[in-house]
Structure formats: C-alpha cells, structure tokens
Amino acid sequence: MNESKAYLPRIKGRCTAWVLCLVLFLQSLMVISAHAAPQWPYDTGIEAEAGIVIDADTGAVLYGQNLHRTYAPASITKILTALVVIENCASLDDVVTFSHDAVYDVESGSGNALALEEGDQLTVRDCLHALLLRSSNQAANALAEYIAGSREAFVAMMNEKVRSLGCLQEECNFANPSGLNDENQYVSPYTMAKIGQAAFANETLMEVNAATSYQIDHTINHPDGLRVEMEHKLLITTDEGSEYYYPRAVAGKTGWTSIAGNTLITCAKDGDKTLISVVLKSRQTHYSDTIALLNFGFRNFQNLDSTGAEAGFFDPEGNLTVDGKTYARSDLDIQGSRLVTVPLNATLADTQIALVTKEAMQLPYPEGAIGEIRFSYNERIVGSSYFVPKPEETAPEETLPAELEGSGDAAGDEDASPSESESMEASGQPENPAKPKINLPLDKLIFVLPVAGGIAVLAGIIVWSGKKKKERLQLEEERRQKRKKRLEEIGYTEEDFQRMLEERNRERGR
C-alpha cells in the first residue's frame with residue numbers, strides 16, 4: 001500500500017513531463033509553420049501542349065507547361081526578326097527594295113496578304129509594321145536581305161542573338177526570318193519567353209508592336225496607299241463583352257502553320273508589373289490560354305525591392321573578394337532591376353541569396369560584371385542583379401607653364417599611359433575559372449542588415465578615405481618627380497619653376 005502511494009506521484013510527475021514536452025513540441029511546430037515560406041501557386045493550367053508566363057523585369061518563371069520541350073514557333077519568330085533588324089539598322093527611314101526572292105521564295109500557300117511586289121520600296125519602319133502587325137513573310141525576307149545581304153547571313157545573326165540571351169541550341173534554333181516550317185526551326189516555351197523579354201524591353205520595337213494600325217504611303221499594287229491592321233485579337237478588341245477583351249495586353253504576335261498549330265506571344269502590363277506569356281502547339285485555345293496565364297501571374301505574385309540585401313557579401317571593412325580580386329564597396333555599381341518576384345504573401349526573407357560568378361552567371365549579364373546576386377525561392381530563380389566595377393577616374397595631369405610646354409612631352413605621355421594589365425583590371429573582366437556560389441540565408445541576413453550595414457559603411461568610409469589619401473600623396477610625389485626630371489632635361493631647377501609660376505600669377509592678377 002505504501003509502495004502504491006509512493007508510486008503514484010512518480011507516475012503523475014512523468015505524465016506531467018510528457019504533457020509538457022508534447023505542448024512544447026506542438027508550439028515549436030506552430031512557430032515553424034508560422035515562419036514557413038508560402039507555397040508557390042499552381043492554380044492554373046492550359047489546354048495547349050505548352051506554355052509559360054514570366055515576369056518581364058526579373059525573368060522569374062511563374063508557371064510553365066512542357067517548359068523545355070521544343071516546338072515549331074511559326075510567325076512569333078518575327079518578334080526576334082524585328083529585334084535583330086532594329087539593333088542593326090542605322091535608321092528606320094532607310095529604304096528597303098524588295099527582291100524577286102523576297103517576294104516569291106516562300107512556302108507554298110503561305111500567301112502575300114499585302115500584295116507586295118518585286119521592286120517595291122518601303123522604309124524599314126513600313127516593313128516592321130507589315131512584319132509585326134500583318135505578319136508579312138515578304139517583309140521578313142526583304143528586311144533580312146537588307147540588314148545582312150542574304151537570308152542565310154541574317155539567320156546566323158538571329159542565332160547569335162539568341163545564344164547571347166542564354167538560349168541553348170538544344171532548345172532554340174532558327175532557319176528563316178519568317179517562321180515558316182523548317183525542321184531546324186524550333187523553340188521551347190522558356191527560350192521564346194527569354195526572346196520576348198529582350199524584344200519587349202526594346203522601346204522602338206514596342207512602339208511599332210503596340211500600334212493597332214499603320215498607313216503605308218504606296219506600293220506597286222496599291223499606288224494610293226495601304227492600311228496595315230494588327231491581327232492579335234487581345235490588342236485590338238475594345239468590346240468589354242468579348243472573350244478577347246483584355247485591356248492589359250500591350251504588345252504581341254500571332255503565329256500559325258500546319259506543323260506549329262496556333263502560337264502566341266503576348267506582353268501585358270498592370271500598373272508597374274509587366275508579364276510575358278507564350279503559348280505553343282495550341283488548337284484554337286491560344287487566346288483563352290494566354291488570358292489564363294496572364295491572370296494567374298497578376299493575381300498571385302508581387303515584386304519586392306532587394307536594395308541593400310547585398311550587404312552581407314562584404315567583409316567588416318567594406319570589401320568584397322571575387323575570383324582573387326578585392327573590390328571596395330564604393331568601387332562597385334549594382335546593375336539590373338533589383339526586383340525579386342515572390343508569391344503575394346511572401347517576403348524577401350523567404351528567399352535565398354547567393355553570389356554566383358564566372359560561367360555560372362545567367363545570360364544575358366552586363367558587360368564587365370564580376371558576379372551575379374541571385375535570389376531563389378524554393379530553388380526557383382526569382383531575381384538577379386550584378387556587381388559591375390565602376391570606371392576608374394583619371395586625375396588631371398599638372399601642366400607646365402607655357403614657357404616650358406612642348407619640352408619632354410613624349411616621355412611624360414609615355415609615363416602617363418596605363419599598362420595593358422592595368423587596362424584589363426579597370427575593365428572588370430574575370431581572369432580565373434568559375435568558383436562555386438556563396439549562399440546566405442536571407443532571413444538571417446535581413447535581421448543583421450541595419451547593424452552590419454552601418455558598420456560596413458562606416459568601415460568602408462574610413463578605409464576608403466585612408467586609401468584615397470595615400471593614393472593622392474603618392475600621385476603628387478610621382479608628378480613632382482616627373483616635373484623635376486623634365487625640368488632637368490631642359491636646364492631648369494625647381495626654384496626657377498616656382499619663380500616663373502609666381503611671376504605668371506602676378507601678371508594674371510593685374
């Protein structure tokens with residue numbers, strides 16, 4: 001009996017301990033759940049075989065279906081054609097003469113909607129409107145011949161351009177400027193979206209593509225002029241009751257061939273947010289699929305400013321070492337949109353930040369970039385900006401009085417010119433092989449940013465001031481030695497030099 005009485009308190013104590021542990025465990029789960037990043041939205045789908053919607057500012061893929069599978073693009077190819085033309089044309093007022101091949105060397109049954117003829121002379125501007133609004137294959141051919149001398153040479157320029165955008169040949173290749181069927185002409189939703197991102201960032205292309213109609217003065221078959229009308233229904237429908245009414249749409253291009261089916265690329269804006277959608281291999285659902293993709297993007301995502309998040313990459317002295325070279329924070333610019341795309345309820349702390357260098361950086365990146373500040377959300381890349389060294393400033397040379405100018409200049413100029421190695425350093429070009437990325441958990445980084453940032457800035461100012469003072473004194477001494485040497489070569493002393501300066505200053509003061 002006594003043993004039972006002694007045992008009961010022990011049981012109660014153990015039960016209490018287990019209950020307390022259970023409560024603490026459940027509380028910890030609640031805390032973890034409360035701080036878990038929101039799931040990436042997936043509440044959409046399309047009827048076409050493939051499609052994508054991306055944020056135009058960050059390149060983040062919001063939704064993709066058969067993202068990297070390849071398909072025939074049809075006439076949405078002409079978006080790339082227009083971009084290459086604009087980037088390589090001196091003036092949109094240049095005159096393009098249509099050759100026999102430009103007009104007649106097209107796929108059978110592809111048509112000639114504008115009745116263009118051999119010998120027609122239109123401006124580049126006219127041709128671009130015919131290309132993007134009315135999908136003229138003849139205009140595509142004529143522009144290609146005008147820019148590159150031949151269609152084959154222009155196709156090489158097209159493929160060079162897409163490689164510079166980071167589109168691999170496995171997913172993207174072009175064989176003609178019009179988009180007509182060719183087994184060597186294919187894109188994936190992802191690569192076509194990257195092409196659209198570059199194209200719709202071009203102001204001239206957007207100006208042309210946003211037009212709903214355009215007047216051509218005259219052609220051989222239309223001596224009184226020709227009106228070109230936009231085909232993309234989301235860009236021209238003003239009836240609010242229509243299934244094609246989508247006022248957010250601002251630019252885009254249609255496509256169709258027997259092999260490609262319906263294809264469509266569209267740029268849409270809502271406030272300061274811009275999205276790009278691509279639909280491939282559709283069977284008459286390309287417009288409804290496009291609206292579904294764009295609405296999904298506008299409804300579920302936001303862009304956050306990442307300014308300041310890069311502070312964690314710098315040491316306490318305000319320096320950053322990349323590929324064996326150290327840069328002061330004040331010597332670096334950050335280029336790129338500085339925006340990060342995340343779900344609506346997410347914060348910047350829900351992303352992961354990494355510094356990526358060398359070949360691991362995403363194309364396209366700014367010339368001279370030494371590192372990519374890459375933001376990820378559950379392994380999705382949702383934003384990138386780039387560290388780019390600022391151009392080095394050259395201090396003005398101290399000049400001799402007019403009485404001494406012209407003596408010993410050759411030696412002085414030779415000393416003042418930078419060496420080849422110094423020019424390479426100033427360009428910010430990388431020299432070493434790729435290094436692994438540096439990962440930082442952004443949730444921890446955000447909490448220490450105010451303190452760490454203030455310390456880093458203060459330390460950076462101190463280091464920078466000392467460095468600049470040392471450089472200034474060293475530069476002054478080098479100039480003094482140069483001046484002394486040049487004076488000796490022409491038979492003067494520093495005392496003579498100072499006396500002449502004083503005399504000249506007195507004369508100027510009279």
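**Salt bridges in the predicted model**

R151 and D105 form a salt bridge (a side-chain nitrogen of Lys or Arg within 4 Å of a carboxyl oxygen of Asp or Glu), with the closest N and O atoms 3.0 Å apart. This pair links distant parts of the chain, 46 residues apart: R151 belongs to helix α6 (residues 151-164), and D105 to the loop between α3 (100-104) and β4 (121-123). Helices (H or I, at least four residues) and strands (E, at least two) are DSSP runs, numbered from the N terminus. R151 is buried at a relative accessible area of 16%, whereas D105 is partly exposed at 45%. Here buried means under 20% relative accessible area, exposed over 50%, and partly exposed in between (1.4 Å probe, protein chains only).

The structure is a predicted model, in which local features need pLDDT of at least 70 and side-chain atom pairs count only at pLDDT 80 or more, while totals for chains, interfaces and linings use all residues. Residues are numbered from 1 along each chain as its sequence is written, and side-chain values use heavy atoms, with hydrogens and water left out.

A search of the whole structure gives 12 salt bridges. Among them, R125 pairs with D93 at a closest N to O distance of 3.4 Å. R125 lies in helix α4 (residues 124-133) and D93 in the loop between α2 (77-87) and β3 (95-97), so the pair ties together parts 32 residues apart in sequence. R125 is partly exposed at 28% relative accessibility; D93 is exposed at 51%.

A salt bridge also joins R374 to E372, with the closest N and O atoms 3.0 Å apart. R374 is buried at 12% relative accessibility, and E372 is buried at 0%. E310, R329 and R338 are linked in a network of salt bridges.
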